[in-house]
Amino acid sequence: MRRWIGWIIVLCLLAGGATTCAIRWEAWFGNPPEPEWTEETISLQFITMNNDSVLRLLQRDTLSFLLLGDIHNSLTNNHMEALANRHSDIQLWAQLGDWMERPYHYYEQRMYQSLLGTGMDTLPIVAIPGNHEYLKGVVKTLPQHWKTIFPNPHNGPARFLGTSYYVDFPQLRLIALDTDGLHRMSDYTQVAFWLKKTLRDAGKKFTIVMMHHPIYSTAEGRHTPLMWLAFHGVMREADVVFSGHDHNYARRTVHYEERFWKKEEPTIFIGTNASMKKYPVKENNQYEASFSGEPVYQYICVTHNTLHISTFNLLSAERIDHVEITH
């Protein structure tokens, strides 16, 4: 009797696994064919924080920059030029992954074309890959060319050099996490330990963490439990955590349980989206602000004692949210 029960359990698990694979096959393994690129081909290597001379120029007491979430090749040259003209005071910009729809030459060229001559093409960038920059498969892979066009610093975890890293400014430590490259449990633990140390070693600087997948999903049906399990506790050391992936905007503040040996400061979690692709915001009474339906971006200004974050509608330039943190 027990043997039959065991076989039934095994068969149910196999049936469940087969059903899941059938439903998710396209999402997990379906790399669509690449469209043909018929226009002029250009070559561009982004200015990144791996350049010491660039980094020296950015050692300023007051720093301003833009942060964009998912783009999916949906922003045109006019959109990027409008951003550059709207915020002519910025010194750099940051992007949370899924800039390209797929890691193909066609979409790479569209990405370049959207930047040329806008002013954004001459600014240094802090970038991470998203799931759309990875090739699907049993084990997803990031094309080596991504690291060529984004020559990022190699100060991150050993398995993620050039995709997870941090950048230091006088008042800010900006930490970039490659969340789509996490395949094994040891990947999660390695990155989590590195992140905890990197946050603690920031001293009195403000700390901002950039990651593609959210710890708190803000769209219906888009749960990321491994992100929560691996990084939720570590983020108590961060001031702000930005994520993309869910294609809407939502902000919430988390007050971690007090530890008697240390005064706890809350952590602000912000999900954002700069693409025309959109998902409805998951209803949650813990959001202090939320918005969906149109792309947004963040204008961030850091001074010696205050971190200002303003969120704007990318199309209308209307400010839809603002928050500041004071040390």
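Predicted model: local features only at pLDDT ≥ 70, side-chain atom pairs only at ≥ 80, totals over all residues.
Student: OK. How many helices and strands are there?
Tutor: The protein chain has 7 helices and 13 strands.

Student: And what percentage of the residues is buried?
Tutor: Of the 327 residues, 53% are buried. As for contacts between residues at least 6 apart in sequence, 72% of them join residues at least 24 apart.

Student: Switching to aromatics. How many aromatic pairs does the structure hold?
Tutor: It holds 12 aromatic pairs. Take Phe46 and Trp99: their ring centres are 5.4 Å apart and their planes meet at 55°, so this pair is tilted.

Student: Where do those two sit in the chain?
Tutor: Phe46 is in the loop between α1 (2–29) and α2 (52–57), while Trp99 is in the loop between β2 and α4. They are 53 residues apart, so the pair links distant parts of the chain.

Student: Are they buried or exposed?
Tutor: Both Phe46 and Trp99 are buried. Trp99 also pairs with Trp93: the centres are 5.3 Å apart and the planes are at 70°, so that pair is edge-to-face.

Student: Why does Trp99 count as buried?
Tutor: Its relative accessibility is 4%, and buried means under 20%. Trp93 is buried too, with a relative accessible area of 0%.

Student: Which residues form the aromatic cluster with these?
Tutor: The cluster consists of Phe46, Trp93, Trp99, Tyr112, Trp146 and Phe150.

Student: What about the largest nonpolar core, how many residues has it got?
Tutor: It has 36 residues. Those with the most contacts inside it are Phe46, Leu66, Leu68, Trp93, Trp99, Met120 and Phe150. Helix α4 gives the most to this core, with 5 residues.

Student: What does Trp93 touch?
Tutor: Leaving out residues up to four places away in sequence, its contacts include Phe65, Leu66, Met80, Trp99 and Met120. There is also a second, separate core of 33 residues, with Leu58, Ala94, Ile128 and Ala176 among them.

Student: New topic. Which charged end sits over the ring of Tyr166?
Tutor: That of Arg173, 4.2 Å from the ring centre. Likewise, the charged end of Arg252 sits over the ring of Tyr216, 4.0 Å from its centre.

Student: Last one. What is the phi of His72?
Tutor: It is positive, about 55°, although His72 is not a glycine. Most residues other than glycine have a negative phi. His72 is in the loop between β1 and α3, and at 8% relative accessibility it counts as buried.

Student: And where is His245?
Tutor: His245 is in the loop between β7 (240–243) and β8 (249–254). Its phi is also positive, near 75°, and with a relative accessible area of 12% His245 is buried.

How values were computed:
Residues numbered from 1 in each chain as written. Heavy atoms only, no water. Helix = DSSP H or I, 4+ residues; strand = E, 2+ residues; numbered from the N terminus. Buried < 20%, exposed > 50% of the residue type's maximum accessible area, 1.4 Å probe, protein only. Contact = heavy atoms within 4.5 Å. Phe/Tyr/Trp six-rings, centres within 6.5 Å; stacked < 30°, edge-to-face > 60°. Lys NZ or Arg CZ within 6 Å of the ring centre and 35° of its normal. Core = buried A, V, L, I, M, F, W, Y, C linked by side-chain atoms within 4.5 Å.
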